[in-house]
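Work through the exercises below with the sequence and the structure in view. Each task is followed by a worked solution.

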There are 2 protein chains.
Amino acid sequence: MNFADSLGHTEELVEEELARLLESEFVTGASERLVAAMRHAILGGGKRLRPFLVLESAHLFEVSRERALPTAIAVELIHGYSLVHDDLPSMDNDEVRRGRPTVWSEFDDWTAILAGDGLQALAFEILVASSKDDAHSGHGHGVRSSLVAGLAEASGVRGMVGGQALDLEADKLGTPSPPDSAYICRLQAMKTGALIRFSCEAGAILAQAGQGEQSALRAFGTKIGLAFQIADDLLDVEGNEATVGKAVAKDAAAGKATLVSLIGLEEARGELSRAVQEAKLALAPFGGRAETLLQAADFVAERDR
Amino acid sequence: MNFADSLGHTEELVEEELARLLESEFVTGASERLVAAMRHAILGGGKRLRPFLVLESAHLFEVSRERALPTAIAVELIHGYSLVHDDLPSMDNDEVRRGRPTVWSEFDDWTAILAGDGLQALAFEILVASSKDDAHSGHGHGVRSSLVAGLAEASGVRGMVGGQALDLEADKLGTPSPPDSAYICRLQAMKTGALIRFSCEAGAILAQAGQGEQSALRAFGTKIGLAFQIADDLLDVEGNEATVGKAVAKDAAAGKATLVSLIGLEEARGELSRAVQEAKLALAPFGGRAETLLQAADFVAERDR
């Protein structure tokens, strides 16, 4: 299977699993409106890059897709909730996402806030839900605690939520003014980097791999997180709105500092290519087994949406 | 120690632990503003009823305060985040809570949303953080998975978040119109009942108690959750704003249906007293060991704030 097929296959698998989850006993008793908002938030779009990284990092250690899937889903639920909250009028005030109305503009603010809150709780619930495989292996619970700890760190105030706060402080409060590239890098490492890094580490956690292998995946995740963000900024400058599926040139219009605006297009392309190289280097210990993850590093840098 | 002293002692312990947590490595790297908002949300107020129920239900099984404390803190973090989000202009639009400005009115909407999101992630992180005691007992991880599953269910769309959605649907969308007492009971069992019920069950989970004992605590928690909500509605009608620490008579002014408005004061007082009796009955299997929890049932019904 080539890389594009492999990514597409995961996209389908994740879509199906998310659809199943949002009709399952995990949402029984919740209002139809709330579940509809969660489905609107999470179904029908997205590259599912983070779940792909979870499944592929697990595959490095021969952890089955079946056993890695709940973690992949949990990461996507966290990513999805963050988009719902980030799009809110009091945050980024975005009306379109993936070519469709954002949750608050389709429903309303309070429904969007609650749908996001519910998706976050569901992510942690899924992460500890039993799987047959875990029960047989006899060490499932220790793994689950590590996954919860890792996902909470990556998504909380030391990670994603904290990065969004730094971003909005610069945007709305003008502190710091102007933000320098160290500030931008720190906020992006938290806002988008942390969850991508955890997605890559998750395979090692699931496999109870040694510290060396976990660190290698952590380094890989950190670098592709950086590459992802630079590529995102470049897309905002160079991308086509129809392809990207959301407003482009938005950062420049808003006078928002990004790495691209601070260091320029050429320099940013150089940083991107360096990040991809370093990501690949981090996978050296895995040799040929890491082929798909190596391709993922290129994909992250070259994607057009 | 009498009941009031015991409650006061827990209040101090929880306050200290929360203050310590919000200065610890768990918030390292987060922006000062975000952490300040979290501290504003969570410190300096509240009866700490839910942590008290966690610690006392644990005490039934001789689970140490030290071992039960992370769970008690996690429950309070969830409760705290829910208040921050519920107070938002797009939800209940409350400017005062516990006699102080709410987080959004002290900071702003986006800071309040992110502080709440961060508190939720922190709750799950605390729940799985290692404790010395767990390591010795050798079964810590299974317990932690059960706690995460229980807290996620109680706080997510089948519990607290789902209940708030039902509440706002009735309030803002007028569906159903008018809500009947079955609808009100369902929403309250989810919105406030589920987390109180989990707080009571947590002791049995920590102790890996048998199904019978866990069910007894679950039944107790369900009934005092109901009592808590009826008492809250009665306070809104009969209470004094200075004592209660937030606006009273707000429900009636807003034309909001509550159990009290639907069935009347006298009938509601009868329901309250029945709920307390049933809560106490549920604890019969524990005999004299449950003395403090029996007193807690009375406290919930008789509190003046």
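**Exercise 1.** Does Arg98(A) count as buried, partly exposed or exposed, and how many C-beta neighbours inside 10 Å does it have?

Solution. The model is a predicted one. Step 1: count the neighbours; Arg98(A) has 15 C-beta neighbours inside 10 Å. Step 2: apply the cut-offs, where 20 or more means buried and 12 or fewer means exposed. Step 3: Arg98(A) therefore counts as partly exposed.

**Exercise 2.** Check the length of helix α10 of chain A, then describe its course and surroundings.

Solution. Step 1: helix α10 of chain A covers residues 181-206, which is 26 residues. Step 4: follow the axis; α10(A) bends by about 55° at Gly193(A). Step 5: count the buried residues; they are 20 of the 26, so α10(A) is largely enclosed by the rest of the structure. Step 6: go just past the helix, where Gln208(A) has a positive phi of about 50°.

**Exercise 3.** Do the same for α9(A), and find what covers its buried residues.

Solution. Step 1: the 14 residues of α9(A) should span 20 Å at 1.5 Å a residue, and the end C-alpha atoms are 19 Å apart, which agrees. Step 2: ten of the 14 residues are buried, so α9(A) is largely enclosed by the rest of the structure. Among them are Met160(A), Val161(A), Leu166(A) and Leu168(A). Step 3: the cover comes from both chains; it includes α4 (65-86), α8 and α10 of chain A, together with α2 (32-42) and α6 (109-128) of chain B. Step 4: look at what follows; Gly174(A) comes after α9(A) and has a positive phi, near 65°.

**Exercise 4.** Which peptide bond to Pro176 is cis in each chain?

Solution. Step 1: in chain A, the bond from Thr175(A) to Pro176(A) is cis, with omega near -10°. Pro176(A) is in the loop between α9 and α10 of chain A. Step 2: in chain B, the cis bond joins Thr175(B) and Pro176(B), with omega about -5°. Pro176(B) is in the loop between α9 (160-173) and α10 of chain B. Most peptide bonds are trans.

**Exercise 5.** Describe how chain A and chain B are related and how they meet.

Solution. Step 1: superpose the chains; a rotation of 180° with 0.0 Å of shift along its axis brings chain A onto chain B, with an RMSD of 0.0 Å. That is the relation of a two-fold axis. Step 2: find the residue of chain A closest to the rotation axis; it is His141(A), with its C-alpha at 2.5 Å. Step 3: count the contacts; 43 residues of chain A are in contact with 43 residues of chain B. On the chain A side, α2, α6 (109-128), α8 (140-155) and α9 (160-173) each supply at least two residues. The largest share, twelve residues, comes from α6(A). This side divides into 21 nonpolar, 14 polar and eight charged residues. Step 4: compare the two sides; 100% of the interface residues of chain A are also interface residues in chain B, so the copies meet through the same surface.

Technical notes: Residues are numbered from 1 along each chain as its sequence is written. Chains are lettered from A and ligands numbered from 1 in the order in which they are written. This is a predicted model: local features need pLDDT of at least 70, side-chain atom pairs count only at pLDDT 80 or more; totals for chains, interfaces and linings use all residues. Helices (H or I, at least four residues) and strands (E, at least two) are DSSP runs, numbered from the N terminus. The expected span of a helix is 1.5 Å times one less than its number of residues. The bend at a residue is the angle between axes fitted to the seven residues ending there and the seven starting there. Copies are superposed by least squares on the C-alpha atoms of residues with pLDDT of at least 70 in both. Two residues are in contact if their C-beta atoms, placed from the backbone, lie within 7 Å. Ala, Val, Leu, Ile, Met, Phe, Trp, Tyr, Cys and Pro count as nonpolar, Asp, Glu, Lys and Arg as charged, and the others, Gly among them, as polar.
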